[in-house]
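Please report on the aromatic ring pairs in this model.

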Amino acid sequence: MTAIKHALQRDIFTPNDERLLSIVNVCKAGKKKRNCFLCATVTTERPVQVNVVKVKKSDKGDFYKRQTAWALRDLAVVDAKDAVKESPEFDLHFDKVYKWVASSTVEKNTFISCIWKLNQRYLRKKIDFINVSSQLLEESVPSGENQSVAGGDEEAVDEYQELNAREEQDIEIMMEGCEYAIANAEAFAEKLSRELQVLDGANIQSIMASEKQVNILMKLLDEALKEVDQIELKLSSYEEMLQSVKEQMDQISESNHLIHLSNTNNVKLLTEIEFLVNHMDLAKGHIKALQEGDLTSSRGIEACTNAADALLQCMNVALRPGHDMLHAVKQQQQRFSDLREQFARRLASHLNSVFVQQGHDQSSTLAQHSAELTLPNHHPFHRDLLRYAKLMEWLKNTDYGKYEGLTKNYMDYLSRLYEREIKDFFEVAKIKMTGTTREGKKFATLPRKESAVKQETESLHGSSGKLTGSTSSLNKLSVQSSGNRRSQSSSLLDMGNMSASDLDVADRTKFDKIFEQVLSELEPLCLAEQDFISKFFKLQQHQSTCGTTTNEVEEMDGVALSRSHTSGVPQTVSSEKDMIRQMMTKIFRCIEPELNNLIALGDKIDSFNSLYMLVKMSHHVWTAQNVDPASFLSTTLGNVLVTVKRNFDKCISNQMKQMDEVKISKKSKVGILPFVAEFEEFAALAESIFKNAERRGDLDKAYIKLIRAVFDSVEKVANESQKTPRDVVMMENFHHIFATLSRLKISCLEAEKKEAKQKYTDHLQSYVIYSLGQPLEKLNHFFEGVEARVAQGIREEEVSYQLAFNKQELRKVIKEYPGKEVKKGLDNLYKKVDKHLCEEENLLQVVWHSMQDEFIRQYKHFEGLIARCYPGSGITMEFTIQDILDYCSSIAQSH
């Protein structure tokens with residue numbers, strides 16, 4: 001380590017006029033160990049600068065280079081980590097903390113001790129040494145001895161001190177004069193000793209010679225001391241005089257401080273008073289408006305609103321600490337509270353009377369709407385009440401109890417008013433649907449009770465409700481509803497001019513318009529009321545304000561209102577959007593049952609009405625959900641849509657059930673089955689109704705169920721048929737189904753359309769083969785024998801040598817089937833087919849043409865066998881293919 005120290009002093013610090021006092025070999029804590037040296041140095045020039053220098057060995061050679069230097073005055077803390085246990089780790093706190101690990105504990109201790117000594121000697125600011133053993137730190141010494149001790153320490157620390165340039169020069173001159181000194185050190189030392197003695201003697205003589213001057217100097221010093229004593233006496237007298245002045249100045253300073261403190265307190269007091277006056281003073285005009293303001297005029301309402309806002313600001317002012325203990329503040333707060341209670345009570349009373357008055361005025365307009373399928377307009381009522389919206393918001397923020405009471409009263413009143421209006425509205429809709437009153441007759445006796453109309457409807461319809469849209473029940477209803485015999489007959493005559501299907505279409509179109517008008521009237525009514533509730537009661541439709549403390553649940557006439565209490569003021573726990581929906585549910589509680597009753601009535605009148613209702617209701621639900629999926633209107637219409645969908649499913653199920661229960665007559669032709677025609681009617685109606693509808697998927701599912709049921713029922717009836725062959729039943733009905741599906745072009749039934757065509761084709765072919773049979777029976781038997789011989793291995797040209805199948809036998813069989821007999825047999829076949837087929841489907845010519853083709857095919861088969869088995873015989877049939885075509889054409893034309 002000593003060699004390294006000398007090398008560092010020579011190479012690095014001497015060129016910079018620095019002396020190296022201590023060195024320690026270290027590496028950074030926690031990183032890859034790359035050793036370096038920390039050096040404690042002082043400058044040789046005054047003033048002395050003390051540094052801690054980091055020296056690192058160069059990567060390119062064996063020499064050292066200076067990397068970083070810190071001034072010792074920047075060192076704040078030296079942390080040795082542990083004062084008891086020996087540890088090589090220590091920290092130096094400069095601009096940041098540097099953590100080091102020494103190569104040995106001894107080096108670390110020596111370095112820290114050197115830093116402590118340098119701090120004691122050169123720095124005014126003391127460095128904090130923590131976790132350092134007290135043995136390493138020397139005790140503080142008096143300032144007089146400090147330099148000598150420190151100097152001694154420095155000499156002790158500095159084991160090697162290099163000569164400066166002047167000393168080196170003197171030694172060189174001396175050694176030049178004493179060349180032998182190099183060879184004889186003792187002689188050189190003796191010479192130096194003799195010269196030193198000569199110098200000491202000269203110094204003593206010089207001192208003795210200057211004794212006189214010394215005595216003169218001492219005298220001068222004594223005189224100077226006397227002058228100093230006199231000056232000190234004067235200074236003491238001056239100090240006594242200044243002491244009294246100092247005391248007076250202290251008194252003046254203390255007085256000024258008290259005056260300044262008093263002014264400061266006065267300013268603060270004035271500020272607090274101005275704050276209270278500015279924020280807790282309510283104008284006389286506002287007080288008068290709160291106590292006596294007119295709540296009926298627009299100007300009075302505006303004045304009351306401004307006064308209420310000013311009162312709320314005064315009550316909600318954020319008082320500073322201690323204000324609430326002032327008697328005047330307490331009195332003002334009590335006055336504000338009394339004003340708030342008085343105005344809240346007056347406002348609640350007035351709004352309740354407004355509710356009652358407006359309800360009375362509104363009920364007087366019901367008569368003009370009773371005869372028409374329209375609902376009264378509540379816009380004037382809403383417009384008048386919306387003038388109080390800001391006051392309702394003020395009441396909600398200041399007195400929630402009265403606000404809640406007004407909400408309850410509004411719901412109670414409106415629910416009764418809307419219940420009367422909606423029930424009367426639905427009464428008119430039901431009467432228009434059933435047609436119990438003629439178009440020209442005025443509704444003078446309306447509104448009637450719902451139960452009476454329901455009872456009348458049930459008595460008129462009974463439990464019929466045929467799924468095919470029975471016109472007879474509607475005719476019966478229109479006949480029985482009129483008490484006048486003459487009007488009954490005239491209505492029947494009018495209906496006689498229309499077909500049943502025309503009546504069905506007219507009735508269904510009328511029902512569709514009425515149902516659409518009902519929904520179109522209800523929708524704006526609910527939306528207008530919901531918009532009014534949100535504005536009047538200050539309930540945000542798209543935001544939620546939730547409480548954060550204890551929850552309570554109150555029930556307000558069946559409507560659960562969730563609340564929480566924070567500091568005695570109730571706040572809604574559920575969102576205000578839910579509050580709107582709850583209020584709407586309470587106010588319009590009769591809409592859903594009335595809609596369900598109307599839907600049940602429409603379903604009783606004609607089950608096909610469920611198709612119209614499903615489309616209309618789905619469209620209105622879709623529209624409502626686009627506006628607000630969680631609104632009352634969306635929820636209510638969604639619930640009713642479930643009922644409509646059930647009725648639709650019930651309609652489909654009943655049609656399928658009717659198919660299973662179909663019974664056919666054993667004495668008459670089957671023809672086109674009723675449920676096949678009904679499916680055609682259903683599909684045509686459904687396609688016209690569900691065009692571009694939202695619930696097209698429901699219809700497609702119903703189509704699949706119905707068509708499969710139709711297929712199965714046709715199979716069942718065909719198997720049970722006794723009068724009409726099975727193939728005819730299958731052929732005609734599947735042909736009708738195929739034609740229906742081709743005409744309507746229902747995309748989801750493409751597979752069923754192909755299946756229907758295949759079944760029609762297969763059963764047509766089967767019926768033709770079965771009905772045609774073997775018109776040339778003996779000839780058929782003959783050639784069957786020929787084919788049997790060929791199958792046994794006899795060559796075709798050798799068949800004529802068989803006794804039973806020679807040419808003579810063939811000629812004999814052919815003679816039995818002249819053209820006249822063939823035509824007669826075909827004529828009988830035509831009549832037979834005509835009896836089997838029905839006129840509705842008009843398949844006679846198709847079947848007859850297929851039989852013609854089959855007969856010609858058999859003829860060609862026989863000719864081919866004759867040509868192959870009897871070559872060159874010249875045997876031919878007594879009629880030709882052209883004869884067959886002429887026979888078939890003449891038979892078809894004759895019938």
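How many aromatic pairs does the structure hold?

## Aromatic pairs

The model is predicted. Its aromatic pairs number 31. One of them joins Tyr418 and Phe588. Their ring centres lie 4.5 Å apart, with the planes at 45 degrees. Planes under 30 degrees apart would count as stacked and over 60 as edge-to-face, so this pair is tilted.

The Tyr418–Phe588 pair links distant parts of the chain. Tyr418 sits in helix α13, residues 400-434. Phe588 lies in the loop between α18 (576-587) and α19 (591-605). The two residues are 170 residues apart. Both Tyr418 and Phe588 are buried.

## A pair of phenylalanines

Phe425 and Phe426 also pair, with ring centres 5.6 Å apart. Their planes stand at 80 degrees, so the pair is edge-to-face. Phe425 is buried, at a relative accessible area of 3%. Phe426 is buried too, at 0%.

## A ring cluster

Ring pairs also build a cluster. It comprises Phe355, Phe381, Tyr400, Tyr403, Tyr410, Tyr413, Phe532, Phe536 and Phe537.

## Chain overview

The chain has 30 helices and 11 strands. Of its 895 residues, 41% are buried. Consider contacts between residues at least 6 apart in sequence: 69% of them join residues at least 24 apart.

The accessible surface of the chain is about 51,000 Å². Carbon and sulfur atoms account for 51% of that surface.

Key: Residues are numbered from 1 along each chain as its sequence is written. This is a predicted model: local features need pLDDT of at least 70, side-chain atom pairs count only at pLDDT 80 or more; totals for chains, interfaces and linings use all residues. Side-chain values use heavy atoms; hydrogens and water are left out. Rings of Phe, Tyr and Trp (its six-membered ring) pair if their centres lie within 6.5 Å; planes under 30 degrees apart count as stacked, over 60 as edge-to-face and the rest as tilted. Helices (H or I, at least four residues) and strands (E, at least two) are DSSP runs, numbered from the N terminus. Buried means under 20% relative accessible area, exposed over 50%, partly exposed in between (1.4 Å probe, protein chains only). Contact means heavy atoms within 4.5 Å. Accessible areas come from the Shrake-Rupley method with a 1.4 Å probe; for residues, only the protein chains shown count as cover.
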